[in-house]
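These are my notebook entries on several sites that I looked up. The entries follow in the order in which I made them.

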Amino acid sequence: MVYIYFIIAALFIVLFFKKNKAFKALELEKTQIQNEKNNIANDLVACNESLSKYKQSENIDNDIQEKMNKADKLRKELSELHSLGDLSDQKKKLLKDLDELIKEDIILTSTPFTFNQFKSEEYKTKLSLCKNEQAELIKNGKAAYSTGTAGTKKEISDNIKQILRCFNAECEAAFIGLSVKNSDSRRAKINKSYEVLNKIFGVDNVTLDKKYLELKLEELNLYYAYDQQLQIEKEDQKAIREQLMEEEKLRREIEQAKKKIEKEESQFKGEIDKLMGYMQKADDIEKQLYVDKIKELEERLKLVEKDKENVFQREQNTRAGYVYIISNIGSFGENVYKIGMTRRLDPTERVQELGDASVPYKFDIHAMIFSEDAPKLENALHKAFENRKMNLVNQRREFFKATLDEIKDVVNKNYEKTAEFIELPDAEQFRISEKMRIQLNCEINQDNINFHTDLCESHGEVNKEESIAENDIIKKPDKQEPDDETKFTNEAIYYE
């Protein structure tokens, strides 16, 4: 009987472990299915992002397709001319047009990368891979090759080395000092160098491969994108440092405010205790004076306690702050606004810091909105005017081209309380400068008028003197020659 119970118990234990094992297997399978589901969702998101990027380049693809269709049409016309045996100027023109289309196709297929598509280190890695691919082409003899059999192997090898050396030197010179202004001209320079070298070395039946040209153009694009992305990342790091400095200033302000409030609180409490002691020893008339003074101190103490509570809430709530809307018409013109956020206890200090020596005039405040969730309100404003950004490359530049009425509408939709706006900016220094500039220009013009007037007057006096002299000459009788009788008389008198 004992053995039967033992066997039954063993069976129950075995069944329990099997059930537990099966349950764990199901849980593991469920986890794997969930992971696969998440991976599929991530892949779907990545596909959507890729699709959006491809849509952005749709215009370039259409241009390339159009050029290819035109090239096919030209090839058909050329083949018809071949069949007719016509080697006229029309055939040469078609060949020239075909070459131009091939050049445009190369330029279109090697446009620069979109900013923020990769990190600078990723661009650096892609640059190394591109150089390795070039070295592989040179090693396999596919970067440049001979199209004929004339000459010895050494001569052909020397010519291939020479054309590669010249082309690489031209490309390296194009990579130096690459910027937004000269990127297109440098790309055209590489294409021109490719054509010229192929013509020069074509006499020796040596030519550069088109694949090697495409790799060099890709290297140019990678250098350009790497430099631009590096600048953007430097700006981002600078903004992060500024944000850390802003938080440190806020922490110091809160500490100073807490110390000031504690000092005032202890001072008022001490005064109240002191007055309470005096009141117990005073008569009825003096007691009333002490009561009034104590009430006044208690009211001031309540205000201090309220300030203390506000500072404590600001310290605890890291999202509370001010969203500011400012402008600088003297520096950026009208309808250009900076929309930012600060957690400072005194937000005007942040605005004053922005109007430092980097801009000629100070910023004017149009609105200073306190919000318990300031980043949310700031992000809503930035998102509403995302396509109105002045700087579309650096996303941390918070300047937008919009009207104040449009900004008001977005604020009213995303802010529950009423926000006050200042319509007309003071722009005091700018307006005074404009008046002084007008006055200065008027003074300069007046000086010019006076100078020309004096010049004309002096010129008139000279003309007057000249006319008087001419009149004198006219009035003065001409000196006449003496006749013979007069001459004889004069001579006789002389001898006598």
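I began with the cut-off for burial: a residue counts as buried when its relative accessible area is under 20%. The model is predicted, and I read each entry below with that in mind.

Entry on alanine 427. I looked up its accessibility and noted 7%. Alanine 427 is therefore buried, since the cut-off is under 20%. I placed this residue in the loop between α12 (404-414) and α13 (428-475).

Entry on asparagine 335. Asparagine 335 belongs to the loop between α9 (329-332) and β4. With a relative accessibility of 35%, asparagine 335 is partly exposed.

Entry on strand β3. I located this strand at residues 321-327 and noted that 7 of its 7 residues are buried. Which strands does β3 pair with? I found 7 bridges to β5 (residues 364-371), running antiparallel, and 6 bridges to β4 (residues 336-342), also antiparallel. On the β5 side, isoleucine 326 has isoleucine 365 as its bridge partner. On the β4 side, tyrosine 324 stands opposite glycine 340.

Entry on glutamate 265. I traced this residue to helix α7 (residues 210-281). Is glutamate 265 buried or exposed? Its relative accessible area is 10%, so I recorded glutamate 265 as buried. Leaving aside residues up to four places away in sequence, I listed its contacts as Leu301, Val304, Glu305 and Lys308.

Notes
Residues are numbered from 1 along each chain as its sequence is written. This is a predicted model: local features need pLDDT of at least 70, side-chain atom pairs count only at pLDDT 80 or more; totals for chains, interfaces and linings use all residues. Side-chain values use heavy atoms; hydrogens and water are left out. Helices (H or I, at least four residues) and strands (E, at least two) are DSSP runs, numbered from the N terminus. Buried means under 20% relative accessible area, exposed over 50%, partly exposed in between (1.4 Å probe, protein chains only). Contact means heavy atoms within 4.5 Å. Two strands pair if DSSP finds at least two bridges between them.
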